Amino acid sequence: MASNVRIPMVTSIEKAIYIYYSRIEMGNKDITELFGDLSSATISRLKQKAREQMAIDSVQSWTGYGVSTESAYRAWGLNIADLEKRYSKLKELHLM
């Protein structure tokens, strides 16, 4: 059963890149840092969508409460290569 959740906008491209490379798994705190203040129900739905992607990717959780960062980004439509390109362009334009 596919979960249906609206994916919020990331709070910061820089933060999204940092979380991707610094966390193997994401917990509630990381998700809140990535997307801003969210209800616990929204966080749960986001994690469920990530867990569905983890099943497709054949990835298991290390902690039981976290979700794979790589699978989560894929499930949420966050393309790390695109985020990095956008971040580089912002730095090139001296906007970061």
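In this predicted model, His 94 belongs to the segment that comes after helix H5, and its backbone adopts a positive phi of about 60° even though the residue is not a glycine. Most residues other than glycine have a negative phi.

Leu 93 lies in the segment after H5, a helix that runs over residues 80–92, and Leu 93 is partly exposed at a relative accessible area of 46%. Together with Leu 95 and Met 96, Leu 93 makes a nonpolar surface patch of about 310 Å².

Turning back to the helix itself, H5 has 13 residues and spans 18 Å from its first C-alpha to its last, close to the 18 Å expected at 1.5 Å a residue. Its buried residues are Ile 80, Leu 83 and Tyr 87, and, seen down the axis of H5, these fall within an arc of 60°, so they line one face of the helix. An α-helix has 3.6 residues a turn, so residues three or four places apart point the same way. The cover over the buried residues of H5 includes helix H1 (13–22) and helix H4 (69–75), whereas the face turned away from the buried side carries the exposed residues Lys 85 and Glu 92.

A positive phi of about 60° is also found at Ser 58, which is not a glycine either. Ser 58 sits in the loop between helix H3 (40–57) and strand S2 (67–68), and counts as exposed at 68% relative accessibility.

Technical notes: Residues numbered from 1 in each chain as written. Predicted model: local features only at pLDDT ≥ 70, side-chain atom pairs only at ≥ 80, totals over all residues. Heavy atoms only, no water. Patch = residues over 30% accessible without salt bridge, like charges linked within 9 Å, V, L, I, M, F, W, Y side chains within 5 Å. Areas by Shrake-Rupley, 256 points an atom, 1.4 Å probe, with all protein chains shown as cover. Salt bridge = Lys/Arg side-chain N within 4 Å of Asp/Glu carboxyl O. Helix = DSSP H or I, 4+ residues; strand = E, 2+ residues; numbered from the N terminus. Buried < 20%, exposed > 50% of the residue type's maximum accessible area, 1.4 Å probe, protein only. Expected span 1.5 Å × (residues − 1). Arc of directions from axis to C-beta. Contact = heavy atoms within 4.5 Å.
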